[in-house]
Amino acid sequence: MRIVGLTGGIASGKSTVSNLFKSHGVPVVDADVVACDALKKGSGGWKKVVAAFGEEILLENGEVNRPMLGQIVFSDPDKRQFLNRLLAPHISSGIFWEVVKLWLKGYKVIVLDVPLLFEAKMDKFTKPIIVVWVDPETQKNRLMGRDKSSEEDAGNRINAQMPLDVKRNKADIVIDNTGSIDDLNEQFQKVLIEVSKPLTWTQFWLSRNGALVILASLTSGVVLCIKALS
């Protein structure tokens, strides 16, 4: 299985690229969706977060008030790192099992959509790594336009993440999303061809088909040995 890493920054267009992969039949494991599951009422992550931040972050139905929690952690780096540490084991476990499910279904290529791909050290498990990049000014303007947020709030949320220029330098593939949607689609088509290339031998043996070949070979070997000893 080829596990493609997809990351970017807030308002960079990563989700748009993620949806393009889905629309072309490439399964995507979305870390944000897994993180939402990790914070569902009654879950292990929910219990840890409520114990750490208090019941005032809860809505009337008992679910976490995500916008309120976001405001708390985005304005305080220590609290943000603390929250990440609390949820990291639950998110990592959720991502792992989603990947296993897709492996069992026989997919040869999947996309791991993780905003904190580098920060969480998950980039070591993905190849190639795709970074969706925009310049800082475009990023801030798009965020303010999207969320109707103030310039200060937008700046705090952007500064809470690893700079996109740093991520770009760590990438195998960079998608420049400063242009139009047509420009983005044109770049995506080239990326899709690249990630859809035949698996390397190492990737093949790690795929379900490779595992079945190994299992079949071992089974045949055992059968032959039994016959030879009979």
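**View 1. Phenylalanine 53 is a buried residue.** Its relative accessible area is 13%, where buried means under 20%, exposed over 50% and partly exposed in between (1.4 Å probe, protein chains only). Phenylalanine 82 is partly exposed at 34%. The two form a tilted aromatic pair, 6.1 Å centre to centre with 45 degrees between the planes. Rings of Phe, Tyr and Trp (its six-membered ring) pair if their centres lie within 6.5 Å; planes under 30 degrees apart are stacked, over 60 edge-to-face, and the rest tilted. Phenylalanine 53 sits in helix α3 and phenylalanine 82 in helix α5, 29 residues apart. Helices (H or I, at least four residues) and strands (E, at least two) are DSSP runs, numbered from the N terminus.

The model is predicted: local features need pLDDT of at least 70 and side-chain atom pairs 80 or more, while totals for chains, interfaces and linings use all residues. Residues are numbered from 1 along each chain as its sequence is written, and side-chain values use heavy atoms, without hydrogens or water.

**View 2. The largest nonpolar core holds 31 residues.** Such a core is a set of buried Ala, Val, Leu, Ile, Met, Phe, Trp, Tyr and Cys residues joined through side-chain atoms within 4.5 Å. Val49, Phe53, Leu69 and Ile95 touch the most other members. Helix α5 (77-104) gives the largest share, seven residues. A second, separate core of 18 residues includes Val111, Val132, Ile173 and Val195.

**View 3. Five strands form an open, parallel sheet.** The order is β2-β3-β1-β4-β5; strands pair if DSSP finds at least two bridges between them. β2 (28-30) and β5 (173-176) each have a single partner strand, so one side of each lacks a neighbour in the sheet. Three parallel bridges join β2 to β3 (residues 109-113). Valine 28 stands opposite valine 111 in β3. Helix α2 (residues 31-38) packs on the sheet, touching β2 and β3; contact means heavy atoms within 4.5 Å.

**View 4. Helix α1 buries Lys14, Val17, Ser18, Leu20 and Phe21.** They cover an arc of only 155 degrees around the axis, which puts them on the same side of α1; the arc is that of the directions from the helix axis to the C-beta atoms. Just after α1, glycine 25 has a positive phi of about 80 degrees.

**View 5. Phenylalanine 21 and phenylalanine 188 form an edge-to-face pair.** Their ring centres are 4.9 Å apart and their planes at 80 degrees. The pair links helix α1 to helix α9 (residues 181-195), across 167 residues. Phenylalanine 21 is buried at 0% relative accessible area. Phenylalanine 188 is likewise buried, at 0%.

Notes. Axes are lines fitted to C-alpha atoms, for helices over the stretch in contact, and angles run from 0 to 180 degrees between N-to-C directions.
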